[in-house]
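Welcome! Let's walk through this structure together, one question at a time.

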Amino acid sequence: MPPDRSIEAFEAQRSRLMRLGYRMLGSRHEAEDVVQEAFLRWHRSDHAAVLEPAAWLTRVVSRLCLDQMKSARTRREAYPGTWLPEPLIEPEDYAMRPDNLTLTLMMALERLSPLERAAFLLHDVFGQPMEEVANIIDRTPTATRQLASRARAHVRLDRPRQDIPRDRAETLARAFFDACESGNAAALGAMLAQDVAVHSDGGGKVQSYKTIRGCDQTQRMFLGVARKFGPSEFLGLVTIDGLPGFVCRLGGVLQTTALEFDGERIANIYITRNPDKLEGMQRH
């Protein structure tokens, strides 16, 4: 294959490989590193021996991700506080989410083993035949089916709760921000599910909070934050990896807040403050 054709063949797969890397690792930066390594291996490979570039590249990226996931699990065990995936802000990042996986489901994937996660993503999300998945993860087809089945069962338990129309979700997201800003305890409490949970990722670089559960505790936390930091700067409503939310600056720190709704009430709140995960947004 001529050099220009080989580059063209790789670029035709780059977006898909990035999506796979991000879904496997939960980090766009790590996904970019993996895809770059795959490009170098593709450049050095015997293209004449590669019958299907897409399958070859999927195999390489998947195996690189599996290697990375082993060390990533160790790093996340030592991660200061709660770890959240890098937020994908739509529509700019919508090309990364044609599979319709949400932040909620990304968190569910974090509880899977690397092999379960790979089997589920490759087969159920990216449509790879089970035999090909088995070859990629170096397991028998029977064992691979069992891995995918276990993963499917876990993910099913964490499917998003009752959905609501996007425009209504945006209205409620803005109302949530306003209630926090104004210190309106009654309005805030009325928006929260009894079993609401707050997940906050500061990466040990900026202040964040341990996971908080329950309506009363969540209400007290947000009212306390408003008193401590004063007014925050609202930067706009956004969709964050499939969930409604907003971007703001609190105490001078940029953060994204994604909300998972159960009907009209908020069931989960995901706050990302780690500046490394918001690097691209910092420049805007």
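Q: Is Glu264 buried, partly exposed or exposed?
A: This is a predicted model, and its accessibilities are computed from the atoms. Buried means under 20% relative accessible area and exposed means over 50%. Glu264 has a relative accessibility of 40%, so the residue counts as partly exposed.

Q: What separates Arg41 and Glu37 along helix α2?
A: These two residues form a salt bridge, their closest N and O atoms being 3.0 Å apart. Arg41 is partly exposed at 37% relative accessible area, and Glu37 is partly exposed at 25%. Both belong to helix α2 (residues 28–44), and because they are 4 residues apart there, the separation is about one helical turn.

Q: Are Arg117 and Glu110 buried or exposed?
A: Side chains of opposite charge can pair when their charged atoms come close. Here the side chains of Arg117 and Glu110 meet in a salt bridge of 2.6 Å, N to O. As for accessibility, both residues are buried.

Q: How many salt bridges does a search of the whole structure find?
A: A search of the whole structure gives the total, which is 13.

Q: How far apart are the end C-alpha atoms of helix α5?
A: Helix α5 (residues 114–125) has 12 residues, and at 1.5 Å a residue it should span 16 Å. Its buried residues include Arg117, Phe120 and Leu121.

Q: Which residues have the most contacts inside the largest nonpolar core?
A: In soluble globular proteins, nonpolar side chains tend to be buried together. The largest nonpolar core has 43 residues, and among the elements that give two or more residues to this core are α1 (3–25), α3 (53–77) and α7 (141–157). A second, separate core of 25 residues includes Ile164 and Leu259. In the largest core, the residues with the most contacts are Phe10, Met24, Trp42, Val61 and Leu109.

Q: Which strands are the edge strands of the open sheet?
A: The sheet has 7 strands in the order β1-β4-β5-β6-β7-β2-β3, with mixed pairing. β1 pairs with strand β4 (residues 233–240) in the antiparallel sense over 2 bridges, and Glu90 has Thr239 as its bridge partner. An edge strand pairs on one side only, and these are β1 (89–90) and β3.

Q: At about what angle to β2 does helix α10 run?
A: Helix α10 (residues 215–229) lies across β2, β3, β5 (243–250) and β7. Its direction relative to β2 is about 50 degrees.

Q: What is the relative accessible area of Gly202?
A: Gly202 is found in the loop between β2 (192–201) and β3 (212–213). Leaving aside neighbours within four places in sequence, Gly202 is in contact with Ser208, Arg273, Asn274 and Pro275. Gly202 is buried, with a relative accessible area of 0%.

Notes: Residues numbered from 1 in each chain as written. Predicted model: local features only at pLDDT ≥ 70, side-chain atom pairs only at ≥ 80, totals over all residues. Heavy atoms only, no water. Salt bridge = Lys/Arg side-chain N within 4 Å of Asp/Glu carboxyl O. Buried < 20%, exposed > 50% of the residue type's maximum accessible area, 1.4 Å probe, protein only. Contact = heavy atoms within 4.5 Å. Expected span 1.5 Å × (residues − 1). Pairing = 2+ DSSP bridges. Axes fitted to C-alpha atoms, helices over the stretch in contact; angles between N-to-C directions. Core = buried A, V, L, I, M, F, W, Y, C linked by side-chain atoms within 4.5 Å.
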